[in-house]
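Subject: Handover of a structure and notes on it

Dear colleague,

Please find below the structure that I am handing over to you. My notes on it follow directly after.

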Amino acid sequence: MTESVRVLLRNASLPDGRHGTLGVDANGRIVELITNTDDVEAAARGGATIVEINGRLVLPALAEPHAHLDKALTADVAPNPTGDLRGAIDAWILAESSGMFDHTSMVERVRRSLEMLLLSGVTFVRSHINVGGAIGIAYLLAAQEAASRFRHLMDIEFVALIHMPMSGPGSEVNLAALDAAIDAGVDIIGGCPHLEPDAQACIDAVFERAERHGRAIDLHVDETLDPTVLTLELLAERAQRSSIGVTASHCVSLSMIDSASRARVINAVARAGMSIVALPQTNLFLQGRDHPIATPRGLTPALPLIAEGVNVAAGADNVQDPFNLVGRSDPLETASLMVMAGHVLPDSAFSMVSSAVRSMASRPSAGTNRGDIADLIAVPVGSIREAIAQAPVDRLVIRGGQVVAERTTTQHIGTR
Ligand SMILES: [Zn+2]
């Protein structure tokens, strides 16, 4: 087997306790874990490149299923005076109408955001981008321009987050922008059916375009604690009649309905083969403000969805913008919140920010098993739990067996 090895990730530790050198072939896929030093040396003599892992823990690279790169890092240029959703919307509208988000600054912010994600160990990003209304596809074009500089470093796909409404009076300009976004190569169609005047018409419009143009769907769904708002069930029923990939992000009201109704909706989601994305940062920041007593967490109910076999990923959503003033563009922060606020165990939480994201996006599996894409991170910790707990700054980021980023720190403790 070692004759097909082109890269040697030397002295790696795996979460199951094994140690050795990971061999990667010319296609960037794992060949095997080599434990015999003679075989490692033979592969090196055969011309394989050596990457020193120095005993660090090697894990699947991280993945971000739900970013808003057009909004990220605007918390200071679009200050949210009240810190709540109304303040965020007002801040965004004021900044946008003041011309704060011109093409050049948008490209630069998206570039910085992608850099932060890459340095955190992210090799796959899905980002929603506002499309429609007065801005048309301007933000999408800026995001695509920034992303083009990272094509050799990470996989990036964009969702056209369509301005409301998508049906009835006023929808023409938004549907025209959606068509323009599709022409511009947008990967996925998005929207917010629970905020639309006609949720079913919105869902129908999205599926019509998606099926006509062969695009996947990723909708913001039921981002509210109001249990009477339940468009997830409409979406699941429509998704059962389609073969395209469908993702629903947020699904907060699912945590507020009675258990029998919840079981019914989750069963429909499972039968539709949909993916669900939990977004703890923004939901914890924005939800529950009208409930000063016994404040609900406002999170996607991840555990019952996983128990029913639904693919559940987790993302950061807003990062340092008016909708969430903090955030580090680090999926290990998201995983930590899924453990603390979502009651998910660490191994499962890590899957939610790695393998589940790639599964959502129909991407090949990344990891250390034979045949996996060698998109990996090496971190100076002993376990997945410790990686989430410490979120070490030091990270070596590998894509297809090649080092694409590295972040290191120096530490010093004074002596008396
Ligand atoms: Zn979002």
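What percentage of the 416 residues of the protein count as buried? The value is 51%, where a residue is buried if 20 or more other C-beta atoms lie within 10 Å of its own, exposed if 12 or fewer, and partly exposed in between, with C-beta atoms placed from the backbone.

Two conventions apply throughout. This is a predicted model, in which local features need pLDDT of at least 70 and side-chain atom pairs count only at pLDDT 80 or more, while totals for chains, interfaces and linings use all residues. Residues are numbered from 1 along each chain as its sequence is written.

Overall form

The secondary structure of the protein comprises 14 helices and 16 strands; these are DSSP runs numbered from the N terminus, helices being H or I with at least four residues and strands E with at least two. The radius of gyration is 22 Å, close to the 22 Å that the globule rule gives for 416 residues, so the protein is as compact as a globular protein of that length. The radius is taken over C-alpha atoms, and the rule is 2.2 Å times the number of residues to the power 0.38. Along its principal axes, the C-alpha trace spans about 70 × 55 × 50 Å. Of the contacts in the protein with a separation of 6 or more, 73% are accounted for by residues 24 or more positions apart; two residues are in contact if their C-beta atoms, placed from the backbone, lie within 7 Å.

Helix packing

Two packed helices are described by the angle between their axes and the distance between the axes. Axes are lines fitted to C-alpha atoms, for helices over the stretch in contact, and angles run from 0 to 180 degrees between N-to-C directions.

Helix H3 (residues 103-120) and helix H4 (residues 138-148) pack at an angle of about 50 degrees, with their axes 8 Å apart. H3 and H4 are therefore oblique to each other; angles under 35 degrees count as roughly parallel, over 145 as roughly antiparallel, 65 to 115 as roughly perpendicular and the rest as oblique. H3 passes H4 in a right-handed crossing. A crossing is right-handed if the near helix is turned clockwise from the far one by less than a right angle, and left-handed if anticlockwise. On the H3 side the contact includes His 103, Met 106 and Val 107, and on the H4 side Ala 138, Tyr 139 and Ala 142 are among its residues. By class, this contact has 10 nonpolar, 1 polar and 2 charged residues. Ala, Val, Leu, Ile, Met, Phe, Trp, Tyr, Cys and Pro count as nonpolar, Asp, Glu, Lys and Arg as charged, and the others, Gly among them, as polar.

The crossing of H7 past H8 is left-handed. Leu 232, Glu 233, Ala 236, Glu 237 and Ala 239 of H7 meet Val 265, Ala 268, Val 269 and Ala 272 of H8, which gives 7 nonpolar, no polar and 2 charged residues.

With helix H6 (residues 199-213), the axes come within 10 Å and cross at roughly 35 degrees. H6 passes H7 in a right-handed crossing. Ala 199, Gln 200, Ile 203 and Phe 207 of H6 make the contact with Thr 231, Leu 234, Leu 235 and Arg 238 of H7.

Residues in loops

His 68 lies in the loop between strand S6 (62-67) and helix H2 (85-97). It counts as buried, with 24 C-beta neighbours inside 10 Å. Beyond its neighbours within four places in sequence, His 68 is in contact with Ser 127, His 128, Asp 317 and Asn 318. Leu 73, also placed in the loop between S6 and H2, has a positive phi near 65 degrees although it is not glycine.

Asp 222, in the loop between strand S10 (216-221) and H7, has a phi near 50 degrees and counts as buried, with 31 C-beta neighbours inside 10 Å. Asp 222 is among the contacts of Leu 254, which lies in the loop between strand S11 (246-250) and H8.

Finally, a cis peptide bond joins Met 164 and Pro 165, with omega about -5 degrees.

Yours sincerely
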